[in-house]
Amino acid sequence: MSTSVRHRWRWRPRPDAPALVALLLGLAGVSYRLVLVLATLPASNSDEATFGLAAMHIAAGREHPVFLYGQRYMGTAESYLAAPLIAVAGPSWPVLRLPVLALYAVFLWLTYRLTRRICSPWFAAFVVGLLALGSERVVRDQLTAVGGRPEVKPAVLLMLLVAVGLAERRIRRRWLAIGLFGLLAGFAIWSDWLIVPYVAVAGLLLAAVAGRDLVGWAGMLLLAGFLLGAAPLLWDNLLAPPGEDSLSVLRQLSGGTGAAPPVPDRLAGGLLVGVPLATGLCPVTGCVRGSSWFGLLYPLLLVGAAVLAVVAYRRTAGRPAAVRVGPLTHLALLAGAGLTLLAYVRSPLAATAPLDNARYLSVLQISLPAVLWPLWLAAARLHRGAAGAAARIGGTLGAGLLAALTAAALVGTVGFVAGTGAARTDERQARDLADALRRHGLREVYAEYWTCHRLVFNTGETVACAVLDGQLAPGQNRYPPYWTRVAGAARPGYVLAADSPADRRLRALLGDRTAAATVAEVGGYRVYHPEPAFRPWR
């Protein structure tokens, strides 16, 4: 990463050219995202607001949630990270997102470190540049506090770096590093179950390169670290009622309802939609014809990279772990990506709602260096002047595909930045709605799910909101105290999207009292304050 220069009896590190380029590209990626964070882009929503409300409650000492309110599988690490900032600066979307931005910066740095160790310096800089770009789907996964993915990616990369460092004998306190490995593994599984394939292959890598170290106290520390990291998850599941433990809930969510979609439909949703979206090659509205090429190429790259890694590993047979760890780490990254993709295409959601669920493939960014490594090797041979025709053809193809991938990611980034007008308008209208409720003195209201918690967070909990569905019946109320507070209000209000099914039903039920009950129309919402108190589900 750097060379050392001796000056006046002191050694000063001097970054080499690849490290400097990676630093500049990384700073550009972080700066781009910082601007988005300060502008609340992408737009906020009620899912993210629920993490923000949990952070507010943690900061005030009112609650210490293990999982997101209303769930039993999504850890609240992001809420705990944001709680100190909210305690100092108060609730706001930029404050909530700043810890997630810091996690992205750590992810970039660890990606560079690992890629440089197992690949090459200039390829590591290239990967950082690619990850610095970001379409809406990519930056939404990297910047919004929606749980799991922003923190588990750095955790896995650090686990892999620990394994590599142990194999190369770079770590002095080996037992402490092994304990850290276990802690990160437990923490990652508590934060997001999607990371289980990567945690599993990282564990196999550790056993392969440092198996002897796991005997005795180091192995006990590994187990103790894992139990400590996963303690919130384990404790909550021990107390969970039958059928409400994390595994049962996840099986229900992934199983779907009705007959399972055909395998070709799930493969198409996973490869032609999910992979390009997660890579930043498509807008969130979907992939147009011709933009799904990387999804078709992805399994071929996985297989090709795995073959290269196996060949490299066989060449190191019988040699020290420090030599074998590079190919083994490649195989671990590729296996993690393959298992993640396989788990995704097994789910009916890959076929029934691929646009909404492509976020579950964002963890594939961890494996990007291993997946693209064969293309870089081919392009490097061309750059060195490969003699054979096959090498020249392969090098041209590799360089062309890397250039096409970079260009497509850049186009996705520019397209997102150019199309943020609607998101900015939506965010402004949400703030105007919160101001209107405070101005009219409404402190307890009913609304639909995608309005409710966002409204509560925007008002700093001065307004409580209970969720109703489209038929004005009780809906998905993640935090029951809000429902209790609104249910006990003498005269609650209603905040409904204009002309939505819920709005039309309320107007029909109010009849002649509709005009008197309507107190405001703000940004596509209608605010009602019926007198006397009106609760149609009763």
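This is a predicted model: local features need pLDDT of at least 70, side-chain atom pairs count only at pLDDT 80 or more; totals for chains, interfaces and linings use all residues.

Biologist: What makes Cys282 and Cys287 a disulfide?

Modeller: Their sulfur atoms are 2.1 Å apart, and a disulfide is a pair of cysteine sulfur atoms within 2.5 Å. The torsion about the S-S bond is about 110°, so this disulfide is right-handed.

Biologist: Why is Cys287 called partly exposed?

Modeller: Buried means under 20% relative accessible area, exposed means over 50%, and partly exposed is in between (1.4 Å probe, protein chains only). Cys287 has 23% relative accessibility, so partly exposed is the label.

Biologist: How many disulfides does a search of the whole structure find?

Modeller: Two. Cys452 is joined to Cys465 as well, with S to S at 1.9 Å. That link has -85° about the S-S bond and is left-handed. Cys452 sits in helix α21 and Cys465 in strand β4 (residues 464-467), 13 residues apart. Helices (H or I, at least four residues) and strands (E, at least two) are DSSP runs, numbered from the N terminus. Both Cys452 and Cys465 are buried. Counting bonded cysteines along the chain, the pattern is 1-2, 3-4.

Biologist: On to the rings. Why is the aromatic pair of Phe123 and Trp373 called tilted?

Modeller: Rings of Phe, Tyr and Trp (its six-membered ring) pair if their centres lie within 6.5 Å; planes under 30 degrees apart count as stacked, over 60 as edge-to-face and the rest as tilted. Phe123 and Trp373 are 5.1 Å centre to centre with 50° between the planes, so they pair and the pair is tilted. Phe123 lies in helix α5 (residues 121-132) and Trp373 in helix α18 (residues 368-383), so the pair ties together parts that are 250 residues apart in sequence.

Biologist: Which other tilted pair does Phe123 form?

Modeller: Phe123 pairs with Trp376, at 5.3 Å centre to centre and 50° between the planes. Phe123 is buried at 0% relative accessible area, whereas Trp376 is partly exposed at 22%. The structure holds 16 aromatic pairs, and Tyr446, Trp483, Tyr494, Phe534 and Trp537 form one aromatic cluster.

Biologist: What can you tell me about the largest pocket?

Modeller: Its volume is about 1,700 Å³. On a 1 Å grid over the protein atoms alone, a pocket is an open set of points with protein on both sides within 12 Å along at least five of seven lines, and lining residues have an atom within 4 Å of a point. Here 48 residues line the pocket, and Tyr73, Leu194, Asn357, Arg359 and Tyr360 lie nearest its centre. Among the elements giving two or more residues to the lining are α2 (46-60) and α15 (321-346), but α12 gives the most, with six residues.

Terms used. Residues are numbered from 1 along each chain as its sequence is written. Side-chain values use heavy atoms; hydrogens and water are left out. On a 1 Å grid over the protein atoms alone, a cavity is a set of points where a 1.4 Å probe fits but cannot get out, and a pocket is an open set with protein on both sides within 12 Å along at least five of seven lines; lining residues have an atom within 4 Å of a point. Grid points are joined across faces, edges and corners, and a volume is the space filled by probe spheres set on the points.
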